[in-house]
Amino acid sequence: MTVWNSIYSHFDPVAFTLFGIPVHWYGLMYVLALLVALFVAYWIVRYDSYPISKALLESYFVWVEIGVILGARLGYILFYDPLSSYYLTHPWQIFNPFDVEGNFVGIRGMSYHGAVIGFLIATVAFAHIKGVNFWILADLAGLSVPLGYVFGRIGNFLNQELVGRETASQIGILVNGTLRHPSQLYEAFLEGVVVFVILFLYRKKARFVGEIGILYVILYSLARFLVEFLREPDAQLGFIAFDWLTQGQLLSLLIGALCVVLLFYKSAQKQD
């Protein structure tokens with residue numbers, strides 16, 4: 001057994017304590033993810049000559065972050081949380097970081113697919129109010145999000161959550177005595193690094209405004225669908241169909257399929 005296999009026994013998910021409140025590595029990785037996404041957006045706007053000012057980009061970033069946080073949290077409650085009815089009837093508890101005994105536990109449970117919905121709503125609203133082309137913003141997000149997403153998944157790994165399925169491979173990580181795939185890192189690589197490289201190299205060949213944004217969702221959905229075969233299903237849901245389909249795979253299929261249809265529709269429009 002190597003240090004890698006037993007890394008969780010040597011690692012504290014809490015980075016430090018600030019005024020008695022534990023600050024987790026996951027939270028730090030989330031902040032880093034946002035900063036990386038913003039930095040990439042700055043770079044793309046500057047070197048690819050996007051018709052977006054720095055002030056407008058920073059304003060858009062605030063809108064999107066609010067939409068993503070709200071969407072991710074509400075999405076988790078609707079798609080994954082077994083206490084959905086409780087939260088829907090007690091909405092003030094949705095972002096309550098304290099348990100019933102008053103202990104700080106943070107806000108737990110975020111859904112990527114809910115974040116996508118929140119992002120779309122925020123972007124549509126921002127584009128309408130500011131008079132910006134929605135598809136330009138979608139392209140920019142498609143290029144900016146993947147590398148930031150890498151740090152989000154690293155945060156999941158450091159927080160010892162969203163663990164992989166059992167494995168006999170030497171790359172496995174011991175989780176409560178069971179060797180499991182480090183699926184969070186697989187996701188960081190496939191859904192983050194690989195997707196970014198593909199889109200970055202393709203961006204100059206895009207056939208129409210919006211194609212990069214649409215392709216991002218398609219590529220993410222494909223990568224997520226594949227990695228889910230090595231990720232442990234959510235304990236509260238298990239497999240939702242066929243003894244192999246997970247909730248994450250179902251949502252990826254639905255959103256990915258919608259974007260494939262949208263891609264063909266936009267391509268046809270371009271040819272007209």
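This is a predicted model: local features need pLDDT of at least 70, side-chain atom pairs count only at pLDDT 80 or more; totals for chains, interfaces and linings use all residues.
1. Helix 4 has 19 residues and reaches 26 Å from its first C-alpha to its last, close to the 27 Å expected at 1.5 Å a residue. Its buried residues are Y112, H113, G114, A115, V116, G118, F119, A122, T123, F126 and A127. Just after helix 4 comes G131, with a positive phi of about 70°.

2. The partner to look at next is helix 2. Helix 2 (residues 54-79) packs with helix 4 (residues 112-130) at an angle of about 145°, and the two axes lie 6 Å apart. The crossing of helix 2 with helix 4 is right-handed. On the helix 2 side, the contact is made by L56, S59, Y60, W63, V64, G67, V68, G71, A72, G75 and F79. On the helix 4 side, G114, A115, I117, G118, F119, A122, T123, A125, F126, I129 and K130 take part. By type, the residues of this contact are 14 nonpolar, 7 polar and 1 charged. An α-helix has 3.6 residues a turn, so residues three or four places apart point the same way. That is handy to keep in mind when you trace the two lists on screen.

3. Helix 1 passes a simple length check. At 1.5 Å a residue, the 23 residues of helix 1 (residues 25-47) should span 33 Å, and the end C-alpha atoms are 32 Å apart, which agrees. The buried residues of helix 1 are M29, A33, V36, A37, L38, V40, A41, I44 and V45. These buried residues pack against helix 2, helix 5 (134-158) and helix 6 (183-202). Just after helix 1, S49 has a positive phi of about 55°.

4. A hairpin also deserves a look. Strand 1 (residues 14-18) and strand 2 (residues 21-24) run antiparallel and are joined by 4 bridges. V14 has H24 of strand 2 as its bridge partner. The hairpin has 2 residues between the strands, and F19 takes a positive phi near 55° there.

5. I would also draw your eye to two loop residues. Most residues other than glycine have a negative phi, and most peptide bonds are trans. L162 is not a glycine, yet has a positive phi of about 55°. L162 lies in the loop between helix 5 and strand 3 (173-175). At 30% relative accessibility, L162 counts as partly exposed, because that class runs between 20% and 50%. D243 is not a glycine either, and its phi is positive at about 60°. D243 sits in the loop between helix 7 (211-227) and helix 8 (247-271). With a relative accessible area of 70%, D243 is exposed.

6. Finally, is R224 buried or exposed? R224 is buried, with a relative accessible area of 3%, so it falls under the 20% cut-off. R224 belongs to helix 7. Not counting residues up to four places away in sequence, R224 touches Y80, Y112, H113, R153, E187, E191, R231, G248 and S252. Two of these contacts lead back to the opening point: Y112 and H113 are among the buried residues of helix 4. As for L201, it is 23 residues from R224 along the chain, and the C-alpha atoms of the pair are separated by 21 Å.

Technical notes: Residues are numbered from 1 along each chain as its sequence is written. Side-chain values use heavy atoms; hydrogens and water are left out. Axes are lines fitted to C-alpha atoms, for helices over the stretch in contact, and angles run from 0 to 180 degrees between N-to-C directions. A crossing is left-handed if the near helix is turned anticlockwise from the far one by less than a right angle, and right-handed if clockwise. Contact means heavy atoms within 4.5 Å. Ala, Val, Leu, Ile, Met, Phe, Trp, Tyr, Cys and Pro count as nonpolar, Asp, Glu, Lys and Arg as charged, and the others, Gly among them, as polar. The expected span of a helix is 1.5 Å times one less than its number of residues. Buried means under 20% relative accessible area, exposed over 50%, partly exposed in between (1.4 Å probe, protein chains only). Two strands pair if DSSP finds at least two bridges between them.
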